[in-house]
Amino acid sequence: MRHIIWDMGGTLVNTYPEVDRVLCEAAFGDAEPEHVRHVTSLTRRSIAHAIATLAVEHDLAPRVFEEAYAGLKERWRHRPAPVMDGAREVMARVSGLGGLNLVATHRDRASATDLLRALDLTVDDMVCAPDGIARKPSPAMNLLLAERHGLDPAEVLCVGDRPIDVMAARAAGMAASLLVRPGTSVTLPDDAPGALVVASLRDLLALLD
């Protein structure tokens, strides 16, 4: 593998703990462990799914959660969520081998750019679904990056934290690695087999030797 297409939230940047906390506080008024676990089970599908579900469960307007999430993104401009452990090392290895670090994210471009800048992370290119590109599990973002840079899909590893990242990679003819936090489990759909499941991004370094 020479190039990596990174998912952003939950993969390149450890955003989920803070997202889970603010949505939990909006829903329950606290961040008790059992409440956080419930919110976590929802956000791992998607933040939009979590907001929609919590709004129904607690008979609250979705904007309550949307405003809480927007406030968090604003705070990230000055106090960003941390880079995922091992990400800088893997990115440096890719660059050292002459490869590209690319990002395919569902996050809006302004938020994604602010987060990368605040964390002093440099990527070679980024595509954002809100710019009008089909969201994962569509392969559209991955294929657009490959086309822009003339990449051989066989030399691209897509790294994400949800099954839709694996599905998007497979549909683009690319290898996939799924980052799964210790103590959690993920079931891959039948049409997205063969992902390398890792508990640490550092495990990817061996693939780049």
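Let's start with helix H4, which runs through residues 62–76 of this predicted model. H4 has 15 residues, and from its first C-alpha to its last it reaches 21 Å. That is close to the 21 Å you'd expect at 1.5 Å a residue.

Which residues of H4 are buried? They are Phe65, Tyr69, Leu72 and Trp76. These residues sit on the same side of H4, because they cover an arc of only 55 degrees around the axis.

Skip the neighbours within four places in sequence, and Tyr69 is in contact with Val19, Ile47, Trp76 and Arg107.

For a contrast, take Asp120, in the loop between H6 and strand E3 (125–128). Is Asp120 buried or exposed? With a relative accessible area of 63%, where exposed means over 50%, Asp120 is exposed.

Each of these two residues can also be paired with a residue elsewhere in the chain.

| Pair | Apart along the chain | C-alpha to C-alpha |
|---|---|---|
| Tyr69 and Asp30 | 39 residues | 16 Å |
| Asp120 and Val83 | 37 residues | 9.7 Å |

How many cavities of 30 Å³ or more does the structure hold? It holds one, and the largest cavity has a volume of about 60 Å³.

Who lines the largest cavity? The lining is made up of Ile5, Trp6, Asp7, Ala104, Lys136, Asn142, Cys158, Val159, Gly160, Asp165 and Ala168. Sorted by class, that lining has six nonpolar, two polar and three charged residues.

Strand E1 (3–6), strand E4 (156–160) and helix H8 (163–171) each supply at least two residues of the lining. The largest share, three residues, comes from E4.

Key:
Residues numbered from 1 in each chain as written. Predicted model: local features only at pLDDT ≥ 70, side-chain atom pairs only at ≥ 80, totals over all residues. Heavy atoms only, no water. 1 Å grid on protein atoms, 1.4 Å probe; cavity = no way out; pocket = protein on both sides within 12 Å on 5 of 7 lines; lining within 4 Å. Points joined across faces, edges and corners; volume = space filled by probe spheres on them. Helix = DSSP H or I, 4+ residues; strand = E, 2+ residues; numbered from the N terminus. Nonpolar A, V, L, I, M, F, W, Y, C, P; charged D, E, K, R; others polar. Expected span 1.5 Å × (residues − 1). Buried < 20%, exposed > 50% of the residue type's maximum accessible area, 1.4 Å probe, protein only. Arc of directions from axis to C-beta. Contact = heavy atoms within 4.5 Å.
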